[in-house]
Amino acid sequence: MHSPHFTAESFSDGIAERDFTLGEIPGVLWSPASGADRAPLVLMGHGGGAHKKHRAMLGRAHLLVRACGFHVAVIDAPGHGDRPRDERDERDIAELRRAQAAGEPEAPVVVPYNARLAEAAVPEYRALLDALQELPGIGTEGPVGYVGIGLGMAIGVPLVAAEPRITAAVFGMAWPDALFESAKRITVPVEFDMQWDDDRIPRAASLALFDTFASPEKSLHANAGDDFDFPRVESASAARFLARHLGRRVTSAV
């Protein structure tokens, strides 16, 4: 098993940010700068076309660390961020751009593309969890959460289905077509976000996926607007949800 190799460290507003590599996989870990006590870990998955330090990742990570005292980690998905694209990535992305330009449905391209990335990323995230739990500030006994929107959900649903150490998850905003079998195996608390007027991901499909989660505790957050109107308030809701289920107290306004 690889250990995380930390390559850079910085501090700002009470948050320590550490870049690392796990083998050849680049990632970043945010932690409380004090480092005084062990704290739960939250894994995040970024959206399609984004990367580990996309502004959405930075904002959500800072909120989770500052308000809840979590450790938060994310890695670049295959073919994203600092990871090179292979020929299949280039072909799939070119086909997606062609479909978008022609006004054709994106799902026939995005669903298999995301499923292929998830197949590679799930074992990477499980290896990441193994490695981070070796760190003294995290350990093996604390709870673990997951947050994934878009591609992060396409990776996160099969990850949470396969990984018993993850005890609460926030998902949203991804085509659900390839996720139903995994969703049937998820029993941990779930918060699920969707846009009611999404013109890319059919409302009925998102509702069907929510219904499929086997979690005794699950909540649906449906906001008005289309895919690109996803409200920032959901980041605060996710923080409160994870604090409740990972045993932390929210220490600042969210």
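Over the ring of which residue does the charged end of lysine 218 sit? The charged end of lysine 218 sits over the ring of phenylalanine 210, 5.0 Å from its centre; a charge counts as over a ring if NZ of Lys or CZ of Arg is within 6 Å of the ring centre and within 35 degrees of the ring normal. This is a predicted model, in which local features need pLDDT of at least 70 and side-chain atom pairs count only at pLDDT 80 or more, while totals for chains, interfaces and linings use all residues. Residues are numbered from 1 along each chain as its sequence is written, and side-chain values use heavy atoms, with hydrogens and water left out.

**Aromatic pairs and charges over rings**

- The structure holds six aromatic pairs; rings of Phe, Tyr and Trp (its six-membered ring) pair if their centres lie within 6.5 Å, and planes under 30 degrees apart count as stacked, over 60 as edge-to-face and the rest as tilted.
- The rings of phenylalanine 6 and phenylalanine 20 are edge-to-face, because their planes stand at 75°, with the centres 6.1 Å apart.
- Phenylalanine 6 belongs to strand S1 and phenylalanine 20 to strand S2, so this pair ties together parts 14 residues apart in sequence; helices (H or I, at least four residues) and strands (E, at least two) are DSSP runs, numbered from the N terminus.
- Phenylalanine 6 is partly exposed at 29% relative accessible area, whereas phenylalanine 20 is buried at 1%; buried means under 20% relative accessible area, exposed over 50% and partly exposed in between (1.4 Å probe, protein chains only).
- Phenylalanine 192 and phenylalanine 210 form a tilted pair, 6.1 Å centre to centre with 35° between the planes.
- Phenylalanine 192 is in strand S8 (residues 190-195) and phenylalanine 210 in helix H6 (residues 203-212), so the pair ties together parts 18 residues apart in sequence.
- Phenylalanine 192 is buried, with a relative accessible area of 1%, and phenylalanine 210 counts as buried at 14%.
- Ring pairs link Tyr125, Tyr146, Phe171, Phe192, Phe210 and Phe213 into a cluster.
- The charged end of arginine 18 sits over the ring of phenylalanine 6, 4.6 Å from its centre.

**Positive phi values**

- Aspartate 13, in the loop between strand S1 (5-12) and strand S2 (15-22), has a positive phi near 55° although it is not a glycine.
- Aspartate 13 counts as exposed, at 63% relative accessibility.
- Methionine 173, also a residue other than glycine, has a positive phi of about 65°.
- Methionine 173 is found in the loop between strand S7 (166-172) and helix H5 (180-183), and is buried with a relative accessible area of 12%.

**Cavity**

- The structure holds one cavity of 30 Å³ or more; on a 1 Å grid over the protein atoms alone, a cavity is a set of points where a 1.4 Å probe fits but cannot get out, and lining residues have an atom within 4 Å of a point.
- About 30 Å³ of space lies in the largest cavity, a volume being the space filled by probe spheres set on the points.
- Met173, Met194, Gln195, Asp198, Ile201 and Ser206 line the largest cavity.

**Aspartate 226**

- Aspartate 226 lies in the loop between strand S9 (218-223) and helix H7 (233-246) and is partly exposed, with a relative accessible area of 26%.
- Beyond its neighbours within four places in sequence, aspartate 226 is in contact (heavy atoms within 4.5 Å) with Gln195, Asp197, Asp198 and Asp199.

Definitions and conventions: 1 Å grid on protein atoms, 1.4 Å probe; cavity = no way out; pocket = protein on both sides within 12 Å on 5 of 7 lines; lining within 4 Å.
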